[in-house]
Amino acid sequence: MPQSQDFSTILPLTILTVWACVLLLVDLFVPKGRKGITALLAALGLAVALGFTLSQIGHDAVTGFSNMVVLDSFSTFINALLLISGILGVSLAYGYVRRMSLERGEYYTLLLFSVIGMMLMAQAADLIIIFLGLELLSIPLYVLAAFARPKSESEEAGLKYFLLGAFSAGFVVYGIALVFGATGTTSLAGILSSASSGTSSLLLTIGAALILVGFGFKVAAVPFHMWTPDVYQGSPTPVTAFMAAGAKIAGFAALLRVFGSALPSLASDITPILVVLAGLTMIVGNLLAIAQTDIKRMLAYSSIAHAGYILMAFVPFGNKDVLPVSIAAGLFYLVAYAFTNFGSWGIVIAMEKAEGKGLAISDYAGLGRKYPALAAAMTVFMLSLIGLPPTLGLVGKFYLFRAVMSGGFVGLALIGVLTSLISAYYYLRVVVTMYMRDGEPEVVSEPWLNLTWGAAAVVTVVLSFFPQVLFMWASTAFLK
Amino acid sequence: MEFLLQPLTILTFFPLVGVLVLLFIPSDKKNALRWTALITSLLTFCISLWVLTLFRESNPDLQLVAKYDWITVAGWNIQYSLGVDGLSILLVLLTSFLTPISILSMWTAVEDRVKDFLLFFLLLEVGMMGVFLAQDLFLFYIFWEFTLVPMYFLIGIWGGPRRIYAAVKFFLYTMAGSILMLLAILWLGIYGGTFSVPDLIAQHNIPANVQMWLFIAFAAAFAIKVPMWPLHSWLPDAHVEAPTAGSVILAGVLLKMGTYGFLRFNIPLFPQATVQAAPWIALLATIGIIYGAAVSYAQSDIKKLVAYSSVSHLGFVMLGLFALNAQGIEGAILQMINHGISTGALFLLVGMVYEQTHTREFKVYGGLWKVMPIYGTVMLIASLSSMGLPGLNGFVGEFTILLGAFGSQAIGNPLFAGISALGVIMAAVYILYMFQKMFLGPEGSIVEEVKKHGHALRDLNWREIATITPLLVFMFWIGLYPAPFFNLMAPAVQKLVSALVIP
């Protein structure tokens, strides 16, 4: 029987689950046209859960439910980031779904359930729980991607995401089965002791590789990225924003958890694969982004490229001395990416008009003259994605490359900086269009939306000067 | 609070006060905006003079150091660290000196989006100051990359017809170099456990085989910025398209960031690699001198001519730096200042006539001296200063550099200096060629052309004279009595050179 302290290990998760279920019922009584109440309640639930998560900082690492879940500084960090992403996701969506007449209460409940799945992945100490979390995060996202039905692009996005998601889940399950076959357990601690006791079998390696492939789909690493541009383009934009940040954070959290805490003994086999994956993802993502004329597709490829940068943090996972640094660097970069990501998608939402108008990069012409604050914010996000001062993106890249170089992968770091240079070309094109070409852009101004991108811009700049707290927190985020 | 009261902190960030004030002035109050920016930059200049009074020229070390822990958690050891010494004091003064002059030069030239222009300009000043003062590699990198952003906007928004191409090219070229430097910075940070430049220099233990790689990575960033031949191709585009004020700052200060980088980082951090690389750098510098001069002569656009002449002049600076003796380096530092003054003046003057004629082609000019006598006189002085006539500043710098390069053990062969000396003669050819085409001979078609529009070409007005006069004063001062300038840098240069072991 589960004990009460079991629930305390997943307290924010429990609260959010109950809240989401209640919200599902409450929403029935919220009159149509006033779904803002649901949005507010959803954000409130996320905020409460965030409060409890923050109260768990410094908590001793404990496991619960007979070693099925774990609460450690790593999961607390990820949970906080996921909950903030959830809040930002809600605030981006609120005005958009009204404007595009997609306003249905399920939107927010689905989003909550997806966050719950992500948090479960971050806290999983067992492969079965990881799989559970993966499904719980994915299924609401499939629905959300198709939320703009009967718009065919949105339906296509939902279906594509569903098919490839199911496919990748198959990889994960099969990988788990093989790992279980090799070690006789699905618990991460059990796998660690079994794998490091010597007998490293081929079965285990193949299993681990399959899990990697499955998560490769989820975080959109090359060559498992094919679905990304279509899904990101077709989904309603706030869903894309949430997907790009949340699913990536959760996917990377699970990857770090599985490989960092259970399978360091496989480093000699897996590290070369990771090097190739990371390198390819950076190169392909950035090169393909150059050719895009649609901002959503461009940002989709940019998110692929950033998956490559974050993947770099995993490369030294077998090196005990470097692992803490690379975890911290990965986490820090995820924070930088999350804020920049939500901010830039926020601008896209502000520019988007009904029927998919306003999404070409050329529609941004003249923004600098007509809406200086908005254009300045977008410039900040673009600089951050390139990795230039004064933004969080620069600090993040600095940290990341440092971790990779400490692990001895100078070549990979070189690919990282060279692809950053390539990326400057297409990110700058947005800036060029905004400031150096003339046009008559129209912008949607909604208080929550403006607040979201404004806050994201401020955080991106200010935190780059005072990253100490975040550094401190990220560097104490250890895997149990 | 003590942090905010450090003279160098005030000097670096004072323009931000102007930025804040500008933000609250409505965009259509153009004169208020201009005056605010001008006063801010003049006050910054006063602060830099105050720093000069605090500076002890006999002290070869870093002075007025403002050093505070910045990010010292989680294995990071990054400090907010500013300092000034004989290697940088003149460049700091040059920066704060040229900024108000540039702002004066845009008074009537920029009418569109004045507020944004001034905002970017003041931000650029912060970045440049930071580059010359930062003593921590991370801090330096932030300032270094940051200067890219405002300059990119200055070229891209207020530039000529091909401004976007030029702006993006400038950005990508410069960034290409600096990302390699980023890797080298990270390597140094991991290896030495600190990013502090004086500490890294004091450690003195970078393995010889790695030094060359690090040297190359840093040199990539700086050589593109200088720009050294064959990495110069962004410069003519950037200069031709940039607005006058942008060109002045680009030639006057931004290019010096490259040569300063060699001086501050490459030479003291990687002494063995520096000695090994010296003949090769001297070779590239010599090619640059001759190539830049030859290509200058082939130009029909005045701004392009001055731009290519920069390639030639900065070749001299590089030659002087890598002579690795006191004479060469002192000459090089002085020549950085000289180039900032002379080329800055030339760009200003070109901008002044361009504002009236809207063309920079030689062939339409001619006989301007009769029409604009003051302008002609000033242009003659600036031209002579740029080509190195004795009595003016250029001569002192180039002569000292060549003297240093002739006797340089590190370069090892006086041939480089010998060939480079030809560059001085070639400079006379292309500069006088330009002067002759513009000012002498029969009246060019542009004089009639302008008359057709109902007003004749006017000579310089009071604002323009006020803009250019400070530069003329320094041309004569450095040309006739350069001792105070040399005195400022000599102890620091001596210290730098004495740390080198030249076989």
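Analyst: The notes below take those topics in turn. This is a predicted model, in which local features need pLDDT of at least 70, side-chain atom pairs count only at pLDDT 80 or more, and totals for chains, interfaces and linings use all residues. Residues are numbered from 1 along each chain as its sequence is written, while chains are lettered from A and ligands numbered from 1 in the order in which they are written.

User: Start with the contact. How many residues does it take from chain A and from chain B?

Analyst: Chain A gives 26 residues and chain B gives 26 residues. Two residues are in contact if their C-beta atoms, placed from the backbone, lie within 7 Å.

User: Which elements of chain A give two or more residues to that side?

Analyst: They are α14 (323-351), α17 (392-406), α18 (410-436) and α20 (468-475) of chain A. The largest share, 11 residues, comes from α18(A). Helices here are DSSP runs of H or I with at least four residues, strands are runs of E with at least two, and both are numbered from the N terminus.

User: And how do the residues on the chain A side divide by class?

Analyst: There are 21 nonpolar, four polar and one charged. Ala, Val, Leu, Ile, Met, Phe, Trp, Tyr, Cys and Pro count as nonpolar, Asp, Glu, Lys and Arg as charged, and the others, Gly among them, as polar.

User: What does A:L388 touch?

Analyst: Not counting residues up to four places away in sequence, A:L388 touches A:L383, A:L394, B:E145 and B:V149. A:L388 sits in the loop between α16 (372-386) and α17 of chain A.

User: Is A:L388 buried or exposed?

Analyst: Buried, because 24 other C-beta atoms lie within 10 Å of A:L388. The cut-offs are 20 or more other C-beta atoms within 10 Å for buried, 12 or fewer for exposed, and partly exposed in between, with C-beta atoms placed from the backbone.

User: On to the core. Which residues touch the most other members of the largest nonpolar core?

Analyst: That core has 404 residues, and those touching the most other members are A:L112, A:M121, A:I249, A:F332, A:Y333, B:F322 and B:L349. α14(A) gives the most to this core, with 21 residues. A nonpolar core means a set of buried Ala, Val, Leu, Ile, Met, Phe, Trp, Tyr and Cys residues joined through C-beta atoms within 7 Å.

User: What is A:F332 in contact with?

Analyst: Leaving aside neighbours within four places in sequence, A:F332 contacts A:G396, A:Y399, A:L470, A:F471 and A:A474.

User: Helix packing next. At what angle do α4 and α5 of chain A cross?

Analyst: Roughly 165°, and the axes of α4 (residues 73-99) and α5 (residues 106-123) of chain A come within 10 Å. α4(A) is therefore roughly antiparallel to α5(A). Axes are lines fitted to C-alpha atoms, for helices over the stretch in contact, and angles run from 0 to 180 degrees between N-to-C directions. Under 35 degrees counts as roughly parallel, over 145 as roughly antiparallel, 65 to 115 as roughly perpendicular and the rest as oblique.

User: Which residues meet there?

Analyst: Among them are A:G86, A:G89 and A:V90 in α4(A), and A:L111, A:V115 and A:M118 in α5(A). By class, the contact of α4(A) with α5(A) has 13 nonpolar, five polar and no charged residues.

User: What about α12 and α16 of chain B?

Analyst: Helix α12 (residues 302-321) and helix α16 (residues 393-406) of chain B pack at about 40°, with their axes 8 Å apart. That angle makes α12(B) oblique to α16(B). B:F316, B:L319 and B:G320 in α12(B) meet B:E398, B:I401, B:G404 and B:A405 in α16(B).

User: Now the backbone. Where is there a cis peptide bond?

Analyst: One joins A:R149 and A:P150, with omega about 5°. A:P150 lies in the loop between α6 (127-145) and α7 (152-183) of chain A. The bond from B:W229 to B:P230 is also cis, with omega near 5°, and B:P230 lies in the loop between α8 (208-225) and α9 (234-241) of chain B.

User: What about phi of B:L64 and B:H358?

Analyst: Phi of B:L64 is near 55°, a positive value in a residue other than glycine. B:L64 lies in strand β1 (residues 63-71) of chain B and is partly exposed, with 19 other C-beta atoms within 10 Å. B:H358 also has a positive phi, about 55°, and is not a glycine. B:H358 is in the loop between α13 (326-357) and α14 (368-371) of chain B, and counts as exposed because it has 10 C-beta neighbours inside 10 Å.
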